[in-house]
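Please read the points below with the model open beside you. They are short notes on individual places in the chain, to be checked one at a time.

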Amino acid sequence: MPKLYRIFDQLALNKHSQTKTSFNQPLHLFRGLAIIAIVGAHAWSFMIFWTGSLDSIGLKVLFSITEMLFHGSTLYFALISGMLFSMVLAKRSWKQFYTNKLLHVILPYIAVSVFYFSFYGGWQSEMPQNEFFISLLLGKASIHLWYIPVLMVLYLLTPLLWQLVSNPQYKWLTLTIMLIPLVISRSPFPDFIKLQTFFYFAGAYITGLFFGCHFKRILDLINLHIKSLLLLLVALSAAIIASYFFDFYDTGWFSVRQSLIYLQKLIITGVVLVGLYLATEKPKSAKTPKQISFLSLVTLLGDMAFSVYFLHVFFMGWIIYVAQNWLITDRNIFEIGLYGLGSLVGSILASVLLTLIFQKLFSNSSRKLIGA
């Protein structure tokens, strides 16, 4: 622990030692990978619980593995938002920052909330206007939209959190907030919007702010200790899987599993960014056609991350609906595993296709409607 403090102290005292750029390719690529992980968090869990339950050991194994891989992937979005602010948006005025978020996050959130609320028959309730306002406030128009109200609060807190990160005299308070998710966990399904959730994601967001301030230095530090971090990542991932088979100690606002997931996602973020940084540093002539194609695909997903986030559950619902007839007669780890993969790929492809259509029809206004 003292070594951690020394490293943190050194980084805090050298906050302005790096040159910030207007675009960071590894971070943009990571956003493309993050949206795949977020969709993955829904693909298998929805396929399992929207067609039945964990009624076999095989399904429990599949669920625990996919949850280990993908559950909590919205942490990536919080970390990316923090890094993006430090590396790009901090150079702009607060008016520009909030105008951008209003036009490109909040407006499309309202638009897709209207769509989901209408699609699920929300206007047929006794007081539809009140119901819609509550669903908008709590992200309940669709099951996955809960993160946007959390993100809105993070945006409101940005001036305060940035002030802490920007001043070395507040380094201990900054570090404390970064570590809060280890002792205060996000609220569990189905009530995602609770006070503890905001503490949890504020910790991830300020970690992203700090990471963005010292991006290259932290990547060098991670690369230096990459083998130890990979071993720790394997141990954490095994512990997360075990948490689905054994009764881990959870009480009140604290969940052992969520603490493990927070550490796991931090390490994955660092390790993957190191890999992406090394990959993008290579000249184009040194990359194979497969590497170029992969980077191009992930770049496209990075461009469309918010629209895929907003849209994928709609398509995923139809994919599961079509698969239900087959799953009634043969529901096992292989069937659910295969259909879950199909749900992941199909919902992403359909979301990308619809985004391209919107971009063709509405040009620059598309981003205000669906986020890309």
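1. Serine 363 lies in the loop between H15 and helix H16 (366–370). In this predicted model, its phi is near 55 degrees, a positive value in a residue other than glycine. Serine 363 has 47% relative accessibility, so it counts as partly exposed.

2. Leucine 361 belongs to helix H15. Its relative accessible area is 62%, so leucine 361 is exposed. From leucine 361 to isoleucine 292 the C-alpha distance is 29 Å, and the two are 69 residues apart in sequence.

3. Helix H3 covers residues 57–70. Does its length fall in line with what its residue count predicts, or out of line with it? At 1.5 Å a residue, the 14 residues should span 20 Å, and the end C-alpha atoms are 20 Å apart, so the two values agree. Just after H3 comes glycine 72, with a positive phi of about 85 degrees.

4. Which residues of H3 are buried? They are Gly58, Leu59, Leu62, Phe63, Ser64, Thr66, Glu67, Met68 and Phe70. Note that the list holds Ser64, Thr66 and Glu67 as well as residues such as Leu59 and Phe63. The cover over these buried residues includes helix H2 (25–49), helix H11 (226–242), helix H12 (256–281) and helix H15 (333–362).

5. Isoleucine 65 is also in helix H3. Its relative accessibility is 36%, which means that isoleucine 65 counts as partly exposed. The C-alpha atoms of isoleucine 65 and isoleucine 319 are separated by 22 Å, and the residues are 254 apart along the chain.

6. Phenylalanine 30 sits in helix H2. With a relative accessible area of 2%, phenylalanine 30 is buried. Leaving aside neighbours within four places in sequence, phenylalanine 30 is in contact with Tyr76, Ile80, Thr269, Val272, Leu273 and Leu276. Leucine 276 is 246 residues from phenylalanine 30 in sequence, yet their C-alpha atoms are 7.6 Å apart.

7. In soluble globular proteins, nonpolar side chains tend to be buried together. Here the largest nonpolar core has 105 residues, and the members that touch the most others are Ile35, Tyr147, Phe201 and Tyr309. Which helix gives the most to this core? H2 does, with 14 residues.

8. A pair of aromatic rings is described by the distance of the centres and the angle of the planes. A search of the whole structure finds 40 aromatic pairs. In one of them, the rings of phenylalanine 77 and phenylalanine 306 have centres 5.8 Å apart and planes at 45 degrees, so the pair is tilted. Phenylalanine 77 is in helix H4 (residues 74–87) and phenylalanine 306 in helix H14 (residues 305–329), so the pair ties together parts that are 229 residues apart in sequence. Phenylalanine 77 counts as buried at 6% relative accessibility, and phenylalanine 306 counts as buried at 18%.

9. The rings of tyrosine 200 and phenylalanine 201 have centres 5.4 Å apart and planes at 80 degrees, so this pair is edge-to-face. Both tyrosine 200 and phenylalanine 201 are buried. Beyond neighbours within four places in sequence, the contacts of phenylalanine 201 include Thr74, Ala78, Trp146, Val150 and Arg186.

10. One aromatic cluster takes in the residues of both pairs, Phe77 with Phe306 and Tyr200 with Phe201. Its members also include Trp146, Tyr147, Phe189, Tyr262 and Phe310. The peptide bond from phenylalanine 189 to proline 190 is cis, with omega near 5 degrees. Proline 190 is in the loop between H8 and helix H9 (195–213).

11. Two side-chain arrangements remain. The charged end of arginine 257 sits over the ring of tyrosine 244, 3.7 Å from its centre. Asparagine 167, in the loop between helix H7 (147–166) and helix H8 (171–179), has a side chain that reaches the backbone oxygen of glutamine 163 at 2.6 Å. Is asparagine 167 buried or exposed? Its relative accessible area is 18%, so asparagine 167 is buried.

Methods
Residues are numbered from 1 along each chain as its sequence is written. This is a predicted model: local features need pLDDT of at least 70, side-chain atom pairs count only at pLDDT 80 or more; totals for chains, interfaces and linings use all residues. Side-chain values use heavy atoms; hydrogens and water are left out. Rings of Phe, Tyr and Trp (its six-membered ring) pair if their centres lie within 6.5 Å; planes under 30 degrees apart count as stacked, over 60 as edge-to-face and the rest as tilted. Helices (H or I, at least four residues) and strands (E, at least two) are DSSP runs, numbered from the N terminus. Buried means under 20% relative accessible area, exposed over 50%, partly exposed in between (1.4 Å probe, protein chains only). A charge sits over a ring if NZ of Lys or CZ of Arg is within 6 Å of the ring centre and within 35 degrees of the ring normal. A polar contact is a pair of N or O atoms within 3.5 Å; within protein, one must be able to donate a hydrogen and the other to accept it, and residues adjacent in sequence count only if both atoms are side-chain atoms. The expected span of a helix is 1.5 Å times one less than its number of residues. Contact means heavy atoms within 4.5 Å. A nonpolar core is a set of buried Ala, Val, Leu, Ile, Met, Phe, Trp, Tyr and Cys residues joined through side-chain atoms within 4.5 Å.
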